[in-house]
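Here are a few notes to go with the model you asked me to look over. Keep the structure open while you read, and find each piece as we come to it.

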Amino acid sequence: MTELAVRDLVKDFRIRDGVRRSRLRAVDDVSFTLTAGRTTALVGESGSGKSTIARMVARLESPTSGRIVVSTDDGTEVSGRTYRDHVQMVFQDPFASLNPFHTVEHHLARPLLLHGRTRGREDTWRQVLHLLERVNLTPAEEIARRRPHELSGGQRQRVAIARALAPGAKVVIADEPVSMLDVSIRLGVLNLLGRLQREDRLAVLYITHDLATARHFADDVAVLYRGRIVERGPASEVILRPKHPYTQLLAAAAPDPDKRGTVVAEPADPVGGGLGPGVHSGCTFRDRCRLALDVCATTPVEEKVGDAHFARCWLYGPKDR
Ligand SMILES: Nc1ncnc2c1ncn2[C@@H]1O[C@H](COP(=O)(O)OP(=O)(O)OP(=O)(O)O)[C@@H](O)[C@H]1O
């Protein structure tokens with residue numbers, strides 16, 4: 001069973017604030033595991049660090065510290081090019097991720113050739129058609145000859161999904177895959193991802209700010225606030241019985257579309273300054289938390305709050321700490 005384990009991941013960015021230089025901790029001590037046949041939703045508001053995590057998992061960005069390890073069925077750790085075969089990404093903007101000068105066929109044939117998955121031209125063409133059929137783009141022969149501008153947004157995203165499957169991916173990172181699509185076609189694309197996940201037993205990381213689709217499509221949910229996972233566990237548990245005050249706020253706002261977007265994370269803290277390089281002190285949510293305690297000035301550790309359900313909040317820590 002393919003598994004992708006993220007352990008103690010940290011990412012600092014150097015930023016310039018006028019003449020002052022500082023570091024911004026975008027991802028702070030993040031750990032989670034993606035397993036074959038399961039979808040994990042990483043939920044967080046804008047600026048919480050979702051894309052930075054996605055980019056590190058896809059090896060487009062290197063971590064400041066921490067580890068990302070993929071292991072196969074027999075427990076062998078995969079690295080180098082095999083890692084790239086295994087872990088593929090679907091980006092938010094399907095137009096930006098496809099080259100306007102190339103046909104759909106080119107976009108799908110290229111990863112097949114690069115990853116050594118084809119035996120000549122005829123086989124490549126056959127596989128391109130098969131990939132298009134798998135993502136419901138038919139007639140495949142006709143779609144294969146089109147260029148990105150001759151496709152709708154939803155069709156382009158389906159091509160991007162087919163391209164992610166082409167190298168034989170076992171882990172798919174879908175970073176807000178439907179947020180730029182028309183509302184009417186979002187469900188179709190998410191359903192497609194769900195079907196492929198089941199058929200290929202993919203491990204999917206579904207990145208979103210939308211708790212409702214996370215509940216519908218994910219088995220597990222991790223809630224990110226200012227770079228830290230504040231709560232994680234089975235999707236229905238986390239969303240229906242949230243424990244962390246931040247998740248409770250998100251869950252309360254989620255069912256009402258008018259309220260959506262009112263819970264916006266403040267930008268991550270620049271680090272350095274008085275705190276010393278790279279150090280966050282205390283719970284990142286404490287200045288907005290209606291239940292904040294004195295102890296929240298100290299960084300909370302993850303506490304078990306239910307079956308496979310964890311919250312990083314002092315409300316659930318041992319009371320004598
Ligand atoms: N290359 C960079 N240089 C400096 N800061 C960065 C860089 N990339 C991201 N950041 C900062 O890191 C934090 C997390 O950004 P990230 O894009 O990962 O958040 P996000 O949750 O994906 O947000 P969104 O949903 O808006 O994409 C933000 O404060 C952002 O400004």
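**Notes on the model**

1. Let's start with the ligand. Three elements, β1 (3–17), β2 (20–35) and α1 (50–57), each give at least two residues to the shell around it. With three residues, α1 provides the largest share of that shell. Bear in mind throughout that this is a predicted model.

2. Which residues come nearest to the ligand? Look for Phe 13, Ala 26, Ser 46, Ser 51 and Thr 52, out of the 14 residues around the ligand. Sorted by class, the shell has seven polar residues, six nonpolar ones and one charged one.

3. While you have β2 on screen, find Asp 29, which is in that strand. Asp 29 isn't a glycine, yet its phi is positive, at about 60°.

4. Now for the helices. Two packed helices are described by the angle between their axes and by the distance between those axes. Take α3 (residues 104–114) and α6 (residues 153–165): they pack at about 20°, and their axes are 8 Å apart. Angles under 35 degrees count as roughly parallel, so α3 is roughly parallel to α6. Their crossing is right-handed.

5. Who meets whom there? On the α3 side you'll find Val 104, His 107, Leu 108 and Pro 111, and on the α6 side Val 159, Ala 162 and Arg 163. By class, this contact has five nonpolar residues, one polar and one charged.

6. Helix α3 also packs with α4, at an angle of about 115° and with the axes 9 Å apart. Here too α3 makes a right-handed crossing. From α3 come Glu 105, Leu 108, Ala 109, Leu 112 and Leu 113, which meet Thr 124, Gln 127, Val 128 and Leu 131 of α4. The classes in this contact are six nonpolar, two polar and one charged.

7. Where does Pro 139 sit? Its place is in the loop between α4 (121–134) and α5 (140–144). Check the bond joining Thr 138 to Pro 139 as well: this peptide bond is cis, with omega at about -5°.

8. Last, the record. An unreviewed UniProt entry carries the annotation "domain: ABC transporter" for residues 4–251. In the model, that span is 39% helix and 29% strand, and its end C-alpha atoms lie 28 Å apart.

How values were computed. Residues are numbered from 1 along each chain as its sequence is written. This is a predicted model: local features need pLDDT of at least 70, side-chain atom pairs count only at pLDDT 80 or more; totals for chains, interfaces and linings use all residues. Axes are lines fitted to C-alpha atoms, for helices over the stretch in contact, and angles run from 0 to 180 degrees between N-to-C directions. Helices (H or I, at least four residues) and strands (E, at least two) are DSSP runs, numbered from the N terminus. Angles under 35 degrees count as roughly parallel, over 145 as roughly antiparallel, 65 to 115 as roughly perpendicular and the rest as oblique. A crossing is left-handed if the near helix is turned anticlockwise from the far one by less than a right angle, and right-handed if clockwise. Two residues are in contact if their C-beta atoms, placed from the backbone, lie within 7 Å. Ala, Val, Leu, Ile, Met, Phe, Trp, Tyr, Cys and Pro count as nonpolar, Asp, Glu, Lys and Arg as charged, and the others, Gly among them, as polar. A residue is near a molecule or strand if its C-beta atom, placed from the backbone, lies within 6 Å of it. UniProt positions are given in the numbering used here, feature names are shortened, and annotations may be inferred rather than shown by experiment.
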